[in-house]
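This report goes through one protein chain, beginning with a part of its surface. Please keep the sequence and the 3D view open while reading.

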Amino acid sequence: MPRFLSLVRIEENTPDAIDMESADPGFEERMGALFAEITKAGVMVDTAGLRPTAESTRITWSDGKLSFTDGPFTETKEVVGGYAMLQCKDMAEAVEWGKRFLAVHPPQWKVGLEVREVEEMPEG
């Protein structure tokens with residue numbers, strides 16, 4: 001069965017992203033219920049949120065040279081804030097789970113999700 005990587009895109013420095021529970025007291029409960037359901041369905045392979053970009057480094061390869069940029073990345077408005085690895089029968093099922101994931105977020109938040117099928121490496 002194919003795997004799909006969902007990249008959660010957020011606007012990192014908004015107050016709601018920093019203090020989730022005070023922004024919407026029911027958010028963590030709704031998210032927990034969805035994660036329990038997706039895990040019980042055998043779809044969730046792995047998931048996690050990511051630490052802030054202030055604690056990260058970007059490494060770039062260009063013209064045969066490496067360059068390093070330490071966060072935060074002020075020129076980037078939207079960043080990857082988390083991920084989920086799902087095992088679904090097809091893209092439509094992965095997108096359906098993604099829609100449900102986004103729907104548990106508070107309406108005032110701006111959250112995006114990019115769903116991509118993982119290209120499996122041939123064995124051997």
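## A nonpolar patch

Ile-59, Trp-61, Leu-66 and Phe-68 make up a nonpolar patch on the surface, and together they have about 530 Å² of accessible area. A patch is built from residues with over 30% relative accessible area and no salt bridge, where like charges are joined within 9 Å and nonpolar side chains (Val, Leu, Ile, Met, Phe, Trp, Tyr) within 5 Å. Accessible areas are calculated by the Shrake-Rupley method with a 1.4 Å probe, and for residues only the protein chains shown count as cover.

At least two residues of the patch come from strand E3 (57-62), and at least two from strand E4 (65-70). Phe-68 belongs to strand E4. Its relative accessibility is 57%, so Phe-68 counts as exposed. Buried means under 20% relative accessible area, exposed means over 50%, and partly exposed lies in between (1.4 Å probe, protein chains only).

## Basis of the model

The model is predicted: local features need pLDDT of at least 70 and side-chain atom pairs count only at pLDDT 80 or more, while totals for chains, interfaces and linings use all residues. Residues are numbered from 1 along each chain as its sequence is written, and side-chain values use heavy atoms, with hydrogens and water left out.

## The chain as a whole

The protein chain has four helices and six strands, arranged along the sequence as β-α-α-α-β-β-β-β-α-β. Helices (H or I, at least four residues) and strands (E, at least two) are DSSP runs, numbered from the N terminus. The C-alpha trace spans about 50 × 45 × 20 Å along its principal axes.

Of the 124 residues, 26% count as buried. The accessible surface of the chain is about 8,600 Å², and 55% of this belongs to carbon and sulfur atoms. Contact means heavy atoms within 4.5 Å. Among contacts between residues at least 6 apart in sequence, 75% join residues at least 24 apart.

## The start of the chain

Met-1 is found in the segment before strand E1 (3-11). Its relative accessible area is 64%, so Met-1 is exposed. Which residues does Met-1 contact, leaving aside its neighbours within four places in sequence? They are Gln-87, Cys-88 and Lys-89. Met-1 and Lys-89 are 88 residues apart in sequence, but their C-alpha atoms are 5.8 Å apart in space.

## Aromatic rings

There is one aromatic pair in the structure. Phe-27 and Trp-109 form this pair, which is tilted, with 5.1 Å from centre to centre and 50 degrees between the planes. Rings of Phe, Tyr and Trp (its six-membered ring) pair if their centres lie within 6.5 Å; planes under 30 degrees apart count as stacked, over 60 as edge-to-face and the rest as tilted. Both Phe-27 and Trp-109 are buried.

## Salt bridges

Side chains of opposite charge can pair when their charged atoms come close. A salt bridge is a side-chain nitrogen of Lys or Arg within 4 Å of a carboxyl oxygen of Asp or Glu. The structure holds seven salt bridges.

In one of them, the closest N and O atoms of Arg-3 and Glu-120 are 2.9 Å apart. Arg-3 is in strand E1 and Glu-120 in the segment after E6, so this pair ties together parts 117 residues apart in sequence. Another joins Glu-114 and Arg-116 (3.4 Å, N to O). Salt bridges with shared partners link Arg-9, Glu-114 and Arg-116 into one network.
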